[in-house]
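Subject: Structure handover

Dear colleague,

Here is the structure you will be taking over. My notes on it follow below.

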Amino acid sequence: MAKAAFKSVDEYIASQPEAVQRILRHVRSAIRKAVPGAHEVISYGMPTYTLRSFRLLYFAVWKQHYSIYAATEQVAAVFRDELASYRVARGTIRFPLSETVPVKLIGSIARFRANEVAEREMANPTVSKNR
C-alpha cells in the first residue's frame, strides 16, 4: 500500500478499511500531539513528518501490521524495554493491527526524534536537511 500516489495523509488514511482508519488516526494524533510543529507530507507514498525540513518519521500500514519508520540506533536503545514486544529491524518498528495502538510510546518516540533532529541541527547546521 505504501507505493500508491497519495496526495495527502487524509487521502492515505481514507484509502483504508474503517477499522484500519481508526488505528491510523490514533497514530497520526500521537505524532501531531507529540511534535505539534511537525509538517505533514507524503513522501515515498507514506505519511511523513518533517521538522524544519528534517525527516522525523514515516508511517505505513500493511496487511497485518502498521509500521513507523523512526528506529534510529538511539531510538532502539532508549526504548529497548518498551519495544521488546514489537518487531524492530532496520529503522522500522512494526505494530500488529490486532493490538491497541501504543499512543504514549509513539508520542515518546516522535518527541525523541524531534530532539535528535534539534541536536543534529545544533551540532552541524550545514548538514543536509533531507536526512
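In which hand of crossing does helix 2 pass helix 4? The crossing is right-handed; a crossing is called right-handed if the near helix is turned clockwise from the far one by less than a right angle, and left-handed if anticlockwise.

Some ground rules before the rest. The model is predicted, so local features need pLDDT of at least 70 and side-chain atom pairs count only at pLDDT 80 or more, while totals for chains, interfaces and linings use all residues. Residues are numbered from 1 along each chain as its sequence is written, and side-chain values use heavy atoms, with hydrogens and water left out. Helices (H or I, at least four residues) and strands (E, at least two) are DSSP runs, numbered from the N terminus.

The helix pair

Two packed helices are described by the angle between their axes and the distance between the axes. Helix 2 covers residues 18-34 and helix 4 covers residues 103-123; they pack at an angle of about 45 degrees, with axes 8 Å apart. Axes here are lines fitted to C-alpha atoms, for helices over the stretch in contact, and angles run from 0 to 180 degrees between N-to-C directions. The two helices are therefore oblique to each other (under 35 degrees is roughly parallel, over 145 roughly antiparallel, 65 to 115 roughly perpendicular, and the rest oblique).

From helix 2, the contact (heavy atoms within 4.5 Å) is made by His26, Val27, Ala30, Ile31 and Ala34, and from helix 4 by Val103, Ile106, Gly107, Ala110 and Arg111. By class, this contact has 7 nonpolar, 2 polar and 1 charged residues. Ala, Val, Leu, Ile, Met, Phe, Trp, Tyr, Cys and Pro count as nonpolar, Asp, Glu, Lys and Arg as charged, and the others, Gly among them, as polar.

Helix 2

Helix 2 has 17 residues and reaches 24 Å from its first C-alpha to its last, close to the 24 Å expected at 1.5 Å a residue. The expected span is 1.5 Å times one less than the number of residues. Its buried residues are Val20, Gln21, Ile23, Leu24, Val27, Arg28, Ala30, Ile31 and Ala34. Buried means under 20% relative accessible area, exposed over 50%, and partly exposed in between (1.4 Å probe, protein chains only). What covers these residues includes helix 1 (9-14), strand 1 (39-43), strand 2, strand 3, strand 4 and helix 4.

Isoleucine 31 has a relative accessibility of 1% and counts as buried. Leaving aside neighbours within four places in sequence, isoleucine 31 is in contact with Tyr49, Leu57, Phe59, Ile106 and Ala110. Its C-alpha atom is separated by 8.1 Å from that of arginine 111, 80 residues apart along the chain. Arginine 28 is also in helix 2 and is buried, with a relative accessible area of 11%. Not counting residues up to four places away in sequence, arginine 28 touches Val9, Asp10, Ile13, Glu40, Tyr49 and Phe59.

Helix 4

At 1.5 Å a residue, the 21 residues of helix 4 should span 30 Å, and its end C-alpha atoms are 30 Å apart, which agrees. Among the buried residues of helix 4 are Leu105, Ile106, Arg113, Glu116 and Glu121. Their cover includes helix 2, strand 2 (46-51), strand 3 (54-61), strand 4 (65-69), helix 3 (73-78) and strand 6 (92-96). Glutamate 119, by contrast, lies in helix 4 and is exposed, with a relative accessible area of 53%.

Loops

Proline 102 is in the loop between strand 6 and helix 4 and is buried, at 15% relative accessible area. Beyond residues up to four places away in sequence, proline 102 touches Tyr66, Tyr86 and Phe95. Alanine 71 is in the loop between strand 4 and helix 3; it is buried, with a relative accessible area of 13%.

Most residues other than glycine have a negative phi. Tyrosine 44, in the loop between strand 1 and strand 2, has a positive phi of about 55 degrees and is exposed, at 55% relative accessible area. Arginine 90, in the loop between strand 5 (87-89) and strand 6, has a positive phi near 45 degrees and counts as exposed at 84% relative accessibility.

Regards
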